[in-house]
Amino acid sequence: MATIPQKKIATGFLDRLTDETWRYKFTRNVLIPWLFILPLLSIHVFVVAIPAVQGIYMSLTDWSGVGRNVEFIGLANYQELLFEDETFGKSLTNNFIWMAFFLTVPFILALFCATLLSQIKRGGMAYRSMLFIPYVLASVVTTAIWRNLLSPRKGIGAAMANLTGIEGFDIAYLGRSETALLSIAFIDNWHFWGFLMILFLAAMQAIPPVLYDAAKIDGANRWQEFRHVTLPGIRPIFLFMFMMVAIWSFLAFDYIWLLTQGGPGGSSEVIATQLYKNAFLRFEGGYGAAQGVVISIFAGFIIMIFVTLRRRGWDI
Amino acid sequence: MKRLKICFGMLVLLLALSSVGAQDVTTVSMWFGESEYAQCITEVVNGFNDVNPALQIEIIPQADTWNTTRTAVAGGGGPDVVRSPGPSFVYEMAQQGLILPLDSFADEMGWRDTFVGWALDLGLVDGQLYSLADELETLVMYYNKTLFEANGWTPPDTMDELIALAEEMEAAGIVPFSHGNADWRPTNEWFVGEFMTQIAGPHNVYKALTGQIPWTDESMVEAMETLDMMQQRGWFGGGLDLYFTNTFDTNLSMLGNGEAAMNIEGTWRFNGIPDYFGEAGGNDNDWDWAPVPSKTGDDLFTIGMGNTSSINANTPHPQETATFLTWFFSAETQGAMLSNCGKGPAPIHLPEDAMVGLDSRVSRAYAALSEASADDRYGYTTWTFWPPKSDVYIYEEVERVWTGEITVMDYLEGLNELFAEELAAGDIPPIPSR
């Protein structure tokens, strides 16, 4: 007949508390880490979690954005947003154009320049600094510089037209419906891509040189080295930034607001500029909150894709 | 020991006295935009502080005054004097109980005599007074006087004369109007409101604002089609794409150097326009202004308010705040701020001697506006008299008319639909009856 082992098992919390070893491990591994993180967690709860929940609730209300008169209207804001608001689809399309631009142009530029800079042994820091400087400029400064540079009256185009006598350079890129959005994306990218390049460069410099030596011994050319050593080496940071840029694309606001405020004729309107107008100019705070929730849903969807890929074994 | 006791006693007495003194001083706060004249206004207000030691006014400059104010007031804080950009913003705050009704103060402190007839009506919400209008403004047509004289032109009186003159200017290679909205997209609404008043007429605009006629009325269609025609011909800034990229600096430079001849803009521009003419502007030109030509030839002036002042519902000092507002809106103070700072005056009875030292062109403009408001020749600026959603629609969607995406009729039908919703909801700012 089998017998139950007589080993004493601490089952309850109080029993455990009497166990000195357990108490020591609990304090060291659980209690102290939580105490350390508690101040930050409290701040996060108060400035992120609670406002986020409030935002979701406000999206279900008719609220002007001022005061406390709030009327619960269920999903009416979402119904209007998705099925009645003609401008929402256009803004969403512009967000996708923005995302397509930022997932290609700055990545190609950053990869190309980081690869070149990683080969430079002397004076590399000067190049890096020069290319990184636009990133530390405030968006107000960057937009002021580029508004002047792109001005058809006193910008680069006007100067070239005056110099060569050839008409057609002095185009009002920010004043035309067909070019406004991409011009703003170009300006934002001018500021952004240096940051991406620095990240890629740092990741490239962390790749063990022995891998390149081995590739050379195997007869790999530059392209093969890049494809089979460099790209796999920077893949975690590359994919992380890919995810972040995709999320940031739905938050695009400052450059568009400063340069065109969504114009001309709504051609550069994105969800965030629409949200601002609804919440702060049209006194439709509840409707603006619904747009904010939609932006969050898109961001959550992108994160979900990456989490799924990670679970399937991708090195992200 | 005795000496020590005396010293201690004196110290206690001194502290007690100083605390009594501190308690006697009431501080009233007012947030002001970081504009070019904010410092000047602080200096004017310091004059009040000097003679009223028991009531001190603290002017706090804010970069984005309205958004800062609305957030603070909604959270139960904010300044004692709540300033907003216009009556429609006051409406929202009053509905939420964030500002105090001012009727008792108006009676007690004589505000009904201080302000011109229609002005206090602008601050009414559901029949109660909640705000005092400030920074009276209108749109005028600035022009390059030297250029006009050199070409033998005179400011036109009627819209037909204006169109004929613009054609003449176009033929001479001069841009008729130095307009652009790159710095401030709502610039569009200046022209929409102005053309509605000047072409459809202020009485029709009044009827539309009170729901008696639709915005699709043929007089409105004519106004909007005239405006669209001018944009399509490139008269505003040299072309539609240039209009969208011209900054205020570009506009005024063009006007100053004679590249453009006219500019329809607000009276707030009196403050900066001299910088673009004569020695300051690096040219030999001079400027002047004329009323914006109307269809009938009457001198019509649209009336607008740049700001309103209310009393915060959470202020511990409503009476003192009202006392300060009485001083702030007095003819003497408003005259000083107009003459010294270039701030547009509140719509009060402003005697001519209150504008001493002012450029004659500026005083002439305010005198003309005052006369027009008394003679029923006043119209309406969109940012003061239209409800918020319709107002945003006016300046956002008109660009789609200009870029050819929608027709004038589509635009006015959209406005009509939105306006009807806001009218039914009671969201229309108070419209002084005429």
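Biologist: In which sense do strand S3 and S11 of chain B pair?
Modeller: Keep in mind that this is a predicted model. S3 of chain B covers residues 81-84, and four bridges link it to S11(B). One place to look is B:Val82, which sits opposite B:Ser310 of S11(B). The sense of the S3 and S11(B) pairing is antiparallel.

Biologist: What is the bridge partner of B:Glu137 in S11(B)?
Modeller: Start with strand S6 of chain B, residues 132-137, which runs antiparallel to S11(B) and is joined to it by five bridges. Within S11(B), the residue paired with B:Glu137 is B:Gly304.

Biologist: And strand S12 of chain B: is its pairing with S11(B) parallel or antiparallel?
Modeller: S12 of chain B spans residues 378-380, and three bridges connect it with S11(B). For an example, B:Ile303 has B:Tyr380 in S12(B) as its bridge partner. The sense here is parallel.

Biologist: How many of the residues of S11(B) are buried?
Modeller: A residue counts as buried when 20 or more other C-beta atoms lie within 10 Å of its own. In S11(B), residues 301-311, every one of the eleven passes, so the strand is largely enclosed by the rest of the structure. The count is eleven of the eleven.

Biologist: Which elements do the buried residues of helix H10 of chain B pack against?
Modeller: H10(B) runs over residues 202-209, and six of its eight residues are buried, so the helix is largely enclosed by the rest of the structure. Those buried residues are B:Pro202, B:Asn204, B:Val205, B:Tyr206, B:Ala208 and B:Leu209. After the helix comes B:Gly211, with a positive phi near 80 degrees. The elements that the buried residues of H10(B) pack against are H9 (187-200), H11 (218-232), S12 and H18 (382-385) of chain B.

Biologist: Is B:Asp126 buried or exposed?
Modeller: B:Asp126 is in the loop between strands S4 (124-125) and S5 (128-129) of chain B. Its phi is positive, about 50 degrees, though the residue is not a glycine. Most residues other than glycine have a negative phi. With 11 other C-beta atoms within 10 Å, B:Asp126 is exposed.

Biologist: Over in chain A, how many other C-beta atoms lie within 10 Å of A:Phe283?
Modeller: A:Phe283 lies in the loop between H13 and helix H14 (285-311) of chain A. A:Phe283 is also a residue other than glycine with a positive phi, near 60 degrees. It is buried, and the number of other C-beta atoms within 10 Å is 23.

Biologist: What is the omega of the peptide bond from A:Gly263 to A:Pro264?
Modeller: A:Pro264 belongs to the loop between helices H12 (254-259) and H13 (271-281) of chain A. Most peptide bonds are trans. The bond from A:Gly263 to A:Pro264 is cis, with omega near -10 degrees.

Biologist: How far apart are the C-alpha centres of the two domains of chain A?
Modeller: The domain assignment gives domain 1 (19-71) and domain 2 (78-311) in chain A. Ten residues of domain 1 are in contact with ten residues of domain 2. The C-alpha centres of domain 1 and domain 2 of chain A are apart by 32 Å.

Biologist: Last one: how many residues of chain B are in contact with chain A?
Modeller: On the chain A side, 23 residues take part. By class, they are eight nonpolar, ten polar and five charged. On the chain B side, the number of residues in contact is 22.

How values were computed:
Residues are numbered from 1 along each chain as its sequence is written. Chains are lettered from A and ligands numbered from 1 in the order in which they are written. This is a predicted model: local features need pLDDT of at least 70, side-chain atom pairs count only at pLDDT 80 or more; totals for chains, interfaces and linings use all residues. Helices (H or I, at least four residues) and strands (E, at least two) are DSSP runs, numbered from the N terminus. A residue is buried if 20 or more other C-beta atoms lie within 10 Å of its own, exposed if 12 or fewer, and partly exposed in between; C-beta atoms are placed from the backbone. Two strands pair if DSSP finds at least two bridges between them. Two residues are in contact if their C-beta atoms, placed from the backbone, lie within 7 Å. Ala, Val, Leu, Ile, Met, Phe, Trp, Tyr, Cys and Pro count as nonpolar, Asp, Glu, Lys and Arg as charged, and the others, Gly among them, as polar. Domain bounds come from an automatic or database domain assignment.
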